[in-house]
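Here is a short briefing to read alongside the sequence and the 3D view. Have both open, and follow the residues as they come up.

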Amino acid sequence: MTRILLSVLGGLMLVAAGLFWWQGRAETEVGAPPSLASAGVDPAIAEALPSGDPRGQRGAAPPEATEMTREQRRFDRLDRDRDARITRTEMLSPRAEQFRALDVNHDNLLTFEEWAVRTTTRFSAADANRDGWLSRPEFATTKPKAKPKPVCRCEKPPRLAKPGRARTPVIQEPDESAEASDDVGEPGA
């Protein structure tokens, strides 16, 4: 009984595959598209349509870029899925990297010791005179440093020679004016 059912099922699958193959081989109409008159378009409208010749035609003006405000850019930076809403997860996602930097043992739990080590190190670095408190100028040193914006991302910075490596000698082209004169270069001659 099972063999019969499997045979019938296999036959149906072969017929279905044949139908798909036959439909895939169906011929498409070859030739030019039908004229506008045969399509039932009013001749007055057909004359108003642009021709295939682009000379003398002018397209629409490109859209003008609007300058986004600082808050709009900040909102768009946090709105990862671009649904015009910021969820709690989207709001906290930039903080994840900072959390991972503080979580020394990588157990996703920030203990007081892990937090305190970072904070006391920062305090000690800012307390220049080691008196145990921060004055206004000392506290100003704890301000996060602003990263300079690159002038152009398309240019690579020049490569500096690594210390201890021999530099390739620079071959200078001979000066044409030196070849033209017969003076060897003795001073006072």
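Let's start with Asp83, which is partly exposed because its relative accessibility is 28%. Its partner is Arg85, and the two side chains form a salt bridge with an N to O distance of 3.4 Å. Please keep in mind that this is a predicted model.

**Salt bridges**
- A search of the whole structure turns up 2 salt bridges.
- In the bridge between Arg85 and Asp83, Arg85 counts as exposed, with a relative accessibility of 56%.
- Glu71 and Arg74 form a salt bridge too, at 3.1 Å from N to O.
- Both Glu71 and Arg74 belong to helix α3 (residues 70-78), where they sit 3 residues apart, about one turn of the helix.
- An α-helix has 3.6 residues a turn, so residues three or four places apart point the same way.
- Glu71 has a relative accessible area of 49% and is therefore partly exposed; Arg74 is partly exposed as well, at 43%.

**The chain as a whole**
- The protein chain contains 7 helices and 0 strands, giving the pattern α-α-α-α-α-α-α along the sequence.
- Of its 189 residues, 6% count as buried.
- Among contacts with a separation of 6 or more, 0% join residues 24 or more positions apart.
- The accessible surface is about 19,300 Å², and carbon and sulfur atoms account for 59% of that area.

**Helix α1**
- Helix α1 covers residues 2-24; at 1.5 Å a residue, its 23 residues should span 33 Å, and this agrees with the 33 Å between its end C-alpha atoms.
- Is this helix buried or in the open? The number of buried residues among the 23 of α1 is 0, so the helix lies largely in the open.
- Val15 is part of helix α1, and its relative accessibility of 52% is over the 50% cut-off, so Val15 counts as exposed.
- Val15 also belongs to a nonpolar surface patch with Leu19, Trp21 and Trp22; together they have about 510 Å² of accessible area.

**The aromatic pair**
- The structure has 1 aromatic pair.
- Phe112 and Trp115 make up this pair: their ring centres are 5.7 Å apart and their planes meet at 45°, so the pair is tilted.
- The two residues, Phe112 and Trp115, are 3 apart in helix α5 (residues 112-126), which means about one helical turn separates them.
- Phe112 is exposed, at 57% relative accessibility, whereas Trp115 is partly exposed, at 42%.

Definitions and conventions
Residues numbered from 1 in each chain as written. Predicted model: local features only at pLDDT ≥ 70, side-chain atom pairs only at ≥ 80, totals over all residues. Heavy atoms only, no water. Helix = DSSP H or I, 4+ residues; strand = E, 2+ residues; numbered from the N terminus. Expected span 1.5 Å × (residues − 1). Buried < 20%, exposed > 50% of the residue type's maximum accessible area, 1.4 Å probe, protein only. Phe/Tyr/Trp six-rings, centres within 6.5 Å; stacked < 30°, edge-to-face > 60°. Patch = residues over 30% accessible without salt bridge, like charges linked within 9 Å, V, L, I, M, F, W, Y side chains within 5 Å. Areas by Shrake-Rupley, 256 points an atom, 1.4 Å probe, with all protein chains shown as cover. Salt bridge = Lys/Arg side-chain N within 4 Å of Asp/Glu carboxyl O. Contact = heavy atoms within 4.5 Å.
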